[in-house]
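Subject: Structure handover

Dear colleague,

I am passing on the structure below, together with some notes on what was found in it. Please look through the model first and then read on.

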Amino acid sequence: SGALLTLFACGFLEVDNFTGQLSDMAVEQIKTSKRSDSASIWPAQWLIGLTGKSVQNVLRSDPALLEEYIADFEAAIQQAAEKCHQEMGDLRITLGFAEDAEGRRAELDWKDIMRFTTAIGSQTLTIRGSDKSIYGKLFERLVLGSFLTILGFGRVNPPGSNADTDGKSENVFWLSDSSSTRETDATLLLRPGKLARFDIGFIGPGNSEISKDKLSRYEREMETAGGVHSSISFIVVDRLPAKSKKTKEAADRIGAEIVQMSMQYWPKYLARRLGERLGFKHELQDIPDNQIRGYLASKLQTIPVQDFLIGVSLEDIEKEAELPEVEDEIAWVEDEE
């Protein structure tokens, strides 16, 4: 944010009609930069009110729509400036820290301020979106990895990875990695042909669409495979809304389980459902509720959680944050009524 503030201040001192040329300069930088050059493309996008996600969703990744968008964007900035002027009067901000040798200082009127705050907003969305993706990936691995380790399963590398899996094919699990097509957050292999797949995430009561997206994807995969795989899908979510009939129906169609983390002892419930579906026993399934907190705390102290981060590349995750996903965790809410 400080860098953007400096960019505007220096731009006013060094470029004639800076905000008037800003859109053209930003578009030119986007067009002439390599697609992988985020250091050039992202700031240029921010200056015209865009992020990587909005390029996908607003422009549909179609460069031909950029010119039309710029016209609408400029009109919106002008209307916002006029409204601010009408309601709050003539306001000018002097950026005293940006001063040249002749003592000239950069000044912003309402239109300039609208452009600056819009750029800051777009920059914030990009950074927070990347952070959210990183934290989400780490959350998935740490929670599922710890849970499956407590149940007595050993972590191995995903099939097809470069690392050696030691040829283990029973009582093991592997976590998703950013180097391959993302299917599930974790896969449990009890024995050959006996699989459980896990997808975990915060969804919240107002948006069940993500759960249905996950379930629909699993259903399509099972239909493609002819339904011959003995694989159980577990969707672990924050909580579901009261009106979640469609989501539950989708789960029932493919025999999937939905587990809500809002339940006080959801690890015990998940362990029970997992045991019932795959046919194995573990002490967590029957431990009294008043002993669960202490039990889990003691088990977690012995788990090398750093092992769950093996193979995680923060650079890949940051890039993934800018890519479209079938089941994006910030999705439009569908009105089930």
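The backbone oxygen of F308 lies 2.5 Å from a polar atom in the side chain of R141, a polar contact in the sense of a pair of N or O atoms within 3.5 Å, where within protein one must be able to donate a hydrogen and the other to accept it, and where residues adjacent in sequence count only if both atoms are side-chain atoms. R141 lies in helix α6 and is buried, with a relative accessible area of 6%; buried means under 20% relative accessible area, exposed over 50%, and partly exposed in between, with a 1.4 Å probe and protein chains only.

Please keep in mind that this is a predicted model, in which local features need pLDDT of at least 70 and side-chain atom pairs count only at pLDDT 80 or more, while totals for chains, interfaces and linings use all residues. Residues are numbered from 1 along each chain as its sequence is written, and side-chain values use heavy atoms, with hydrogens and water left out.

As for the overall picture, the protein has 11 helices and 8 strands, which are DSSP runs numbered from the N terminus (helices H or I, at least four residues; strands E, at least two). Buried residues make up 43% of the 337 residues.

Leaving aside residues up to four places away in sequence, L274 touches F147, L151, L188, A196, F198, F234, G279 and F280, where contact means heavy atoms within 4.5 Å.

Elsewhere, S40 is found in helix α3 (residues 38–47), and its side chain makes a polar contact of 2.7 Å with the side chain of D37. S40 also touches Q29 and S33, again not counting residues up to four places away in sequence.

Finally, V305 sits in the loop between α10 and α11 (314–321), and at 31% relative accessibility V305 counts as partly exposed.
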